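Work through the exercises below with the sequence and the model at hand. Each task is followed by a stepwise solution.

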Amino acid sequence: MIRRIAELIRGTSSLVAIAALTIGIPAVLWQLGGLPGVRILGTLGDQLASDTSRTEALLSGTLLIVAWVCWAQLAYAIAIEFVAAARGQTSRQAAILPGLQALAARLVTSLTLISSSMLPTVHAVAAAAPLQPVMASPSEVTWDVGTIEELWPTSETRPAESAVATKSFVAETRDTFWSIAEATLGDGLRWTDIRDANLGRTMPDGTVITLGSETVEAGWDLRLPTDAVLPLSDETDVAAPVEVDVEPGDHFWAIAEKAMTDAWGREPSDTDVALYWADVVELNHDQLLPPDDPNFIYPGQVFELPAVPADPLAPEQSAVEPLPPEVEEPAAPEPAIVEPAAPTPTALEAPTTATAEEARPSPTALSDISIDQGSESSAPFVALGVGALGVSAGALALTLRRRRAHQAARREPGTRVDEAPLEAVEYEAAIRPIADTEAARWVEATNKFLTHRLAQADEAVLPAIIAMRAGQFGVEVLLDDPCDPPVGFVRTPEGPTTWRLDADLSFGDLEAEAAGAHPYSPGLLPVGRTTAGDLLVDFEQLGALSLAGQPERIAAWQRALAVAATATPWSHDCEVVAIGMPDDISHLPDVTVPPDPAAWTRACVAEMTKLNDRLADSPYRQRVATGEVFHPRIVLIGPDHDDVARQLGDAAALVNTPLAVLAVAELPGAEKVHFTDDGCVLEPYGLAFEPLASQPSEPVLLGELLENAETEPQAAAPDETEAVPPENGELESNTDIVERVMAPRPIEVGILTRQPKVHGLEKEIPTKQLSVLCYLAYHRDVSSQRLRDAFWPTATNRSTADNALSQLRTALGTGDDGEQRLTAATNTGNYELSDEVGCDWTRASALITEAKKRSDEDAADLLDAALSVLSGSPGADCAPGSFDWLNEDPSVYRRIESEVVDASHRLGEILLDQGRADQAAEAADRGLILVPGHEALYRIKLRAATAERAFDEVELLYSELCARLSDGGCWETPDKETEAIIAAARLQRAS
């Protein structure tokens with residue numbers, strides 16, 4: 001009874017407060033000044049009023065307007081909460097002043113206590129009963145107030161939580177819904193499950209979690225889904241952090257080195273210190289003073305040191321970590337860094353890189369990774385220009401994938417492509433986890449789609465695009481002048497100079513319509529990050545740009561732009577010229593460094609002047625009208641070249657010149673980018689962003705990757721695989737081999753399909769765990785460190801991976817021998833899949849290997865069986881980010897492509913020799929699934945069609961091949977062997 005009276009008083013107080021806020025406040029405001037703005041308009045319209053009275057009226061009137069606006073927002077928040085309470089739903093987050101909706105929610109929640117306190121107790125019990133376990137005899141159940149309160153939560157908590165969320169997790173600094181889902185559910189994509197389990201709950205800081213909640217604050221006590229696995233206890237982790245006082249002359253590197261020396265009893269290598277240094281900086285990031293630079297710490301500061309990792313050179317027994325029985329994690333992880341003496345990895349094994357977990361990027365800083373292990377610098381981390389931005393890293397991934405696809409199409413069967421240098425491979429592996437290929441594809445398609453739509457419109461006004469942004473609002477376009485958007489774009493609330501790609505457009509439709517169109521803004525380059533997404537600027541539209549501020553930041557940004565211009569697929573036809581820039585930029589294949597800048601400048605100015613006089617339309621109109629197409633020339637000019645910069649700046653200002661100049665010089669009438677400690681701003685647009693930065697090693701590494709993606713494949717070494725006859729002197733028959741290899745297993749994993757899948761599990765597993773399982777099925781034997789590098793590169797605790805792998809081990813279960821199907825070999829630190837887990841790639845590879853031991857006649861059946869398991873391009877239909885290792889790791893897709901294509905070609909040749917032309921064409925089609933434009937496979941199909949005198953099909957295939965070859969970025973004609981087949985077919989047709 002006392003509780004009901006308290007609820008009634010609390011609810012009545014809330015009712016009075018709501019009435020006072022919604023009725024009393026506007027009544028008082030009306031008495032003070034009437035409607036908003038009336039006093040201001042009346043005074044301004046009174047010609048007899050003095051300046052003093054006008055100023056007073058303006059001030060008081062403005063205050064009244066502000067008060068009316070605040071009251072309107074509060075009333076709106078109360079209305080939202082009332083509607084949500086009446087419907088029994090969680091309120092949506094409103095775009096109003098902070099704190100108002102939380103106040104409204106508390107008042108409305110308290111008000112509902114009036115009605116709840118009037119209800120009979122039995123009503124609450126009846127509603128709560130379904131949430132309880134089934135009782136043997138309901139008649140034996142007795143209820144009291146305490147039981148009711150446990151069963152039926154207050155109005156701040158949704159009843160469904162008791163059935164869904166039974167575990168809790170206290171968030172720490174930098175935790176996000178995604179990272180918590182990674183740590184407890186093994187899959188960041190399930191972050192919405194955690195948010196949904198907490199809908200309607202009020203956190204300690206007063207925040208109410210809604211469907212619009214996307215951030216997590218430290219101290220929040222979040223409820224987790226029932227299948228969550230809490231992180232391992234502190235007893236299984238390394239020792240707790242210890243504090244260290246900063247003395248004069250101290251810096252993080254010296255502190256980390258001393259701590260490791262004391263713990264190990266020896267001096268650690270620079271590589272060892274670099275990894276621990278990153279952990280020290282990450283742990284103390286919140287303690288850094290502005291500008292948050294870890295290179296500046298001050299005497300008197302107190303920092304925490306994480307536990308020193310185990311000494312990799314210590315005896316094995318001292319390096320073994322105790323493992324809890326339920327996790328069964330390998331006791332001794334392998335060293336995180338490949339030492340310089342390590343051999344270059346083969347195509348069968350992905351390179352082991354420095355773990356991105358240990359060299360993880362700060363959420364607000366540019367990504368860091370150890371590239372130059374031989375450096376004697378006190379800070380051996382290289383800030384990645386491409387790697388620091390998802391769009392630019394994704395653009396590089398797209399460029400490399402497309403060039404390698406073109407390379408694969410021209411590769412002759414039996415040849416191979418050598419790996420890129422080890423440091424370049426590590427560089428690519430490091431940026432892969434943060435590469436946003438989806439955003440890069442959207443930007444590229446939007447750039448071409450705009451050209452397509454403008455070409456369709458009659459006498460369309462061409463937009464003067466300053467920038468695009470890819471982020472939380474999709475693809476946005478910033479214009480210099482107001483312009484009506486073409487079909488497919490909509491205006492935003494920001495005004496007529498901002499467009500947004502229509503949200504109803506699917507990517508498939510966008511890409512299909514954009515196919516074949518030139519990019520409208522080929523000079524659009526990623527420049528940095530904003531709070532709403534990655535920013536790209538059209539430098540061709542700006543023309544001349546003056547750079548001012550800190551020289552080091554400017555140089556790093558210019559280098560990053562040169563890297564981006566080379567890596568971005570829609571800008572690959574742009575010419576980049578560097579004057580007065582560091583020599584490292586010359587390593588980029590598409591960058592020109594004039595030996596005589598003055599002479600080159602005179603020639604460039606003359607060329608641009610003539611072009612401006614000759615062209616009647618701008619280069620943008622030429623691209624839309626598919627006339628003479630020009631791609632911009634982007635000139636990067638360093639300091640001390642003011643005269644060159646001014647001459648080129650004047651040429652860039654001409655209307656019809658495709659020239660962009662970015663100079664460290666004052667250019668009259670040019671826009672400016674000003675660099676400060678806090679970022680930089682593009683003036684006069686007021687566009688602020690955190691700039692990209694790149695250091696000297698990046699152009700070298702990128703140049704090596706691009707060169708490797710365009711080199712001619714080399715003849716493969718002779719196959720040393722030989723048949724080993726059994727003791728009776730007879731080889732195993734083809735039938736026996738096929739039956740043995742194709743025998744079904746209790747669990748089957750399929751990766752040679754458009755959507756990887758698994759059969760045989762009792763319940764479906766999350767996408768992240770499915771990707772890990774497919775990775776294990778492909779490699780069969782993988783180190784724990786390599787798994788963490790591939791799937792949890794930014795995890796701050798190894799328990800994230802441990803929990804996910806523990807869940808996967810449980811899902812796979814045990815085999816007929818009683819052993820777990822996913823085993824952890826404590827002596828090697830590797831994860832292994834048992835033979836009871838089958839894989840289509842394992843079968844195809846085994847059959848192809850067996851076929852290599854046999855003559856053509858005996859190999860046909862084995863090759864046919866191997867190709868039969870292929871049902872689609874691996875991972876083609878996967879969600880972005882879920883199977884990146886399958887789609888973007890060259891050590892994986894190059895191996896699968898070469899093995900399948902070579903098997904397909906060999907089988908096609910065998911069948912042609914046997915006169916089975918139709919089956920030969922089918923064999924070639926299997927390989928074309930993986931490499932659609934492979935010329936040698938097209939020759940199989942051309943010969944098959946010629947043999948059957950299907951000459952119309954020969955011409956169709958030839959046209960299709962030519963179109964495929966042109967997809968590599970430049971027109972390439974078929975080689976002489978293909979032309980000879982076509983000539984012979986046409987001769988037969990004529991006869």
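**Exercise 1.** At what angle do helix H27 and helix H28 pack, and how far apart are their axes?

Solution. The model is predicted, so local features need pLDDT of at least 70 and side-chain atom pairs count only at pLDDT 80 or more, while totals for chains, interfaces and linings use all residues. Residues are numbered from 1 along each chain as its sequence is written, and side-chain values use heavy atoms, with hydrogens and water left out.

Step 1. Locate the elements: H27 covers residues 840-851 and H28 covers residues 856-868. Helices (H or I, at least four residues) and strands (E, at least two) are DSSP runs, numbered from the N terminus.

Step 2. Take the geometry: the angle is about 165° and the axes are 8 Å apart. Axes are lines fitted to C-alpha atoms, for helices over the stretch in contact, and angles run from 0 to 180 degrees between N-to-C directions.

Step 3. Classify: H27 and H28 are therefore roughly antiparallel, a class for angles over 145 degrees.

Step 4. List the contact (heavy atoms within 4.5 Å): Ala844, Leu847, Ile848, Glu850 and Ala851 of H27 meet Ala859, Leu862, Leu863, Ala865 and Ala866 of H28. These residues divide into 9 nonpolar, no polar and 1 charged; Ala, Val, Leu, Ile, Met, Phe, Trp, Tyr, Cys and Pro count as nonpolar, Asp, Glu, Lys and Arg as charged, and the others, Gly among them, as polar.

**Exercise 2.** Describe the salt bridges of Glu476, with partners Arg469 and Arg500.

Solution. Step 1. Apply the criterion: a side-chain nitrogen of Lys or Arg lies within 4 Å of a carboxyl oxygen of Asp or Glu. The closest N and O atoms are 2.9 Å apart for Glu476 and Arg469, and the N to O value for Glu476 and Arg500 is 3.3 Å.

Step 1. Check accessibility (buried is under 20% relative accessible area, exposed over 50%, partly exposed in between; 1.4 Å probe, protein chains only). Glu476 is buried at 5%, Arg469 is partly exposed at 23%, and Arg500 is buried.

**Exercise 3.** Is Pro204 buried or exposed, and which residues does Pro204 touch?

Solution. Step 1. Pro204 lies in the loop between helix H9 (191-197) and strand S2 (221-225).

Step 1. With a relative accessible area of 66%, Pro204 is exposed.

Step 2. Not counting residues up to four places away in sequence, Pro204 touches Gly219, Trp220 and Asp221.

Notes
Angles under 35 degrees count as roughly parallel, over 145 as roughly antiparallel, 65 to 115 as roughly perpendicular and the rest as oblique.
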